[in-house]
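Hi there,

Here is the structure I promised to pass on. Have a look at it first, and then read on for what turned up.

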Amino acid sequence: MAKMKGAVVVNVERCKGCNLCVVACPTNTLALTTDEVNHRGYAYCREVNDTCIGCASCAIVCPDGCISVYRVKED
């Protein structure tokens with residue numbers, strides 16, 4: 001049986017850096033940027049490691065709908 005893993009896509013320009021997704025992630029895959037901001041001046045969420053399991057907890061709690069989670073087959 002093929003293993004599945006997750007892939008997180010964040011709409012950086014819509015993200016306001018509320019940090020809810022970072023707290024909701026069970027695998028600590030997400031973090032807010034510390035050295036960059038989007039066009040609105042907010043630190044935004046990004047994927048910092050490759051441990052996503054595709055649970056979509058981050059996308060569910062995002063108040064602005066900035067996050068999409070995909071499940072991909074691992075080779």
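Of the 75 residues in the protein chain, 25% count as buried, where buried means under 20% relative accessible area, exposed means over 50%, and partly exposed is in between (1.4 Å probe, protein chains only). Please keep in mind that this is a predicted model, in which local features need pLDDT of at least 70 and side-chain atom pairs count only at pLDDT 80 or more, while totals for chains, interfaces and linings use all residues. Residues are numbered from 1 along each chain as its sequence is written, and side-chain values use heavy atoms, with hydrogens and water left out.

**Overall fold**

The protein chain has 2 helices and 4 strands, which are DSSP runs numbered from the N terminus (helices: H or I, at least four residues; strands: E, at least two). Along the sequence they follow the pattern β-α-β-β-α-β. The C-alpha trace spans about 45 × 25 × 20 Å along its principal axes.

Contact here means heavy atoms within 4.5 Å. Among contacts between residues at least 6 apart in sequence, 59% join residues at least 24 apart.

**The core**

In soluble globular proteins, nonpolar side chains tend to be buried together. In this model, the largest nonpolar core has 13 residues, and those with the most contacts inside it are Val8, Cys21, Leu30, Cys45 and Ile67. A nonpolar core is a set of buried Ala, Val, Leu, Ile, Met, Phe, Trp, Tyr and Cys residues joined through side-chain atoms within 4.5 Å. Leaving out residues up to four places away in sequence, Leu30 touches Val8, Cys21, Val22, Cys25, Cys45, Arg46, Glu47, Val48 and Cys58.

**Salt bridges**

Side chains of opposite charge can pair when their charged atoms come close. A search of the whole structure finds 4 salt bridges, each being a side-chain nitrogen of Lys or Arg within 4 Å of a carboxyl oxygen of Asp or Glu.

- Lys5 and Asp50 meet through their side chains at 2.8 Å, N to O. The pair links distant parts of the chain, 45 residues apart: Lys5 is in strand E1 (residues 3–10), and Asp50 is in the loop between strand E3 (45–47) and helix H2 (57–61). Asp50 is exposed, at 53% relative accessible area.
- Lys16 pairs with Asp64, with the closest N and O atoms 3.6 Å apart.
- Arg46 sits in strand E3 and Asp35 in the loop between strand E2 (30–32) and E3, 11 residues apart. Arg46 is partly exposed at 31%, whereas Asp35 is exposed at 58%. Salt bridges that share partners join Asp35, Glu36 and Arg46 into one network.

**The loop between E2 and E3**

Asn38 lies in the loop between E2 and E3 and is buried, with a relative accessible area of 6%. Apart from its neighbours within four places in sequence, Asn38 is in contact with Val12, Glu13, Cys15 and Tyr44.

Arg40 is found in the loop between E2 and E3 as well, but is partly exposed at 48% relative accessibility. Not counting residues up to four places away in sequence, Arg40 touches Glu13 and Arg14. Arg40 and Leu30 are 10 residues apart in sequence and 20 Å apart in space, C-alpha to C-alpha.

**The surface**

The protein chain exposes about 4,800 Å², and carbon and sulfur atoms supply 52% of it; accessible areas come from the Shrake-Rupley method with a 1.4 Å probe, and for residues only the protein chains shown count as cover.

Best wishes
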